[in-house]
Amino acid sequence: MPRLTFWYDFASTYSYIAAHTVGPAAEKAGVDVVWRPFLLGAVFAPQGLTDSPFNMFELKGRYMWRDMQRLADDNGLPFKRPEEFPQRSILANRVAAVAGDHVGDVTRAIYSAEFGEGRPIATDEDLAPVLTGLGLDASALLADAVSPEGKQALRSNTDAALEAGVFGAPTFTTEDGEVFWGSDRLAQALAWATSHTA
């Protein structure tokens with residue numbers, strides 16, 4: 001089965017849309033999804049960015065929030081802007097990095113809390129109810145996330161993202177190294193994945 005790697009950071013608004021659409025679209029296309037949370041700040045730094053571009057450029061930010069509402073409506077998703085943006089996402093990213101077979105469900109649930117309900121996601125107290133709601137052992141998963149192995153898992157993903165040429169989120173990469181940036185490139189990425197091999 002062809003594979004498509006989905007790179008995301010919970011600080012990314014458009015990755016909320018991608019997280020909820022990539023699974024059904026990939027299943028329909030016969031493509032396996034590899035979920036890879038990474039640290040967007042580490043990718044932004046070499047580009048000279050010290051904050052989200054949506055904060056640095058006011059007009060772009062206003063457009064993004066309106067666009068997110070339209071996209072959420074188009075995809076039947078709830079949308080509520082969190083008070084803080086971008087949120088501190090490192091713990092959530094670490095949780096997803098150690099979630100194993102539950103990574104898709106965990107990712108969608110955290111994004112739904114963050115951008116569907118406008119809830120904070122920065123702390124154990126923020127994330128525990130989300131994980132418990134999935135029937136997972138929140139304490140164990142949160143402990144794994146901040147273990148040396150958990151921290152290394154996210155660092156490794158971030159290094160791999162840089163090596164793959166990822167410069168923003170969401171990004172999709174195919175087995176032959178093709179890069180597709182943005183939730184609106186999902187269909188093109190899937191088509192490439194099914195028609196090209198490494």
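**Stop one: inside H1**

Start by selecting Ala 18, which sits in helix H1. (Helices here are DSSP runs of H or I with at least four residues, strands are E runs of at least two, and both are numbered from the N terminus.) Before going on: this is a predicted model, where local features need pLDDT of at least 70, side-chain atom pairs count only at pLDDT 80 or more, and totals for chains, interfaces and linings use all residues. Residues are numbered from 1 along each chain as its sequence is written, and side-chain values use heavy atoms, with hydrogens and water left out.

Is Ala 18 buried or exposed? Ala 18 is buried, at a relative accessible area of 1% (buried is under 20%, exposed over 50%, partly exposed in between, with a 1.4 Å probe and protein chains only). Show its contacts, meaning heavy atoms within 4.5 Å: not counting residues up to four places away in sequence, Ala 18 touches Phe 6, Pro 170, Phe 172 and Ser 183.

**Stop two: H1 against H4**

Now select residues 14-29 for H1 and 58-74 for H4. The two pack at an angle of about 20°, with axes 10 Å apart, which makes H1 roughly parallel to H4. (Axes are lines fitted to C-alpha atoms, for helices over the stretch in contact, and angles run from 0 to 180 degrees between N-to-C directions; under 35 degrees is roughly parallel, over 145 roughly antiparallel, 65 to 115 roughly perpendicular, and the rest oblique.)

Which residues meet here? From H1, pick Tyr 14, Tyr 16 and Ile 17; from H4, pick Tyr 63, Met 64, Asp 67, Met 68, Leu 71 and Ala 72.

Stay on H4 and colour its buried residues: Gly 61, Met 64, Trp 65, Asp 67, Met 68 and Ala 72. Then step past the helix to Gly 76, which follows H4 and has a positive phi, near 65°.

Next, select Asn 93 in helix H5, residues 90-97. Asn 93 is buried, with a relative accessible area of 0%. Leaving aside neighbours within four places in sequence, Asn 93 is in contact with Tyr 8, Asp 9, Phe 10, Pro 37, Phe 38, Leu 39 and Leu 154.

Ile 90, Asn 93, Arg 94 and Ala 97 of H5 make the contact with Gly 150, Lys 151, Ala 153, Leu 154 and Asn 157 of H9.
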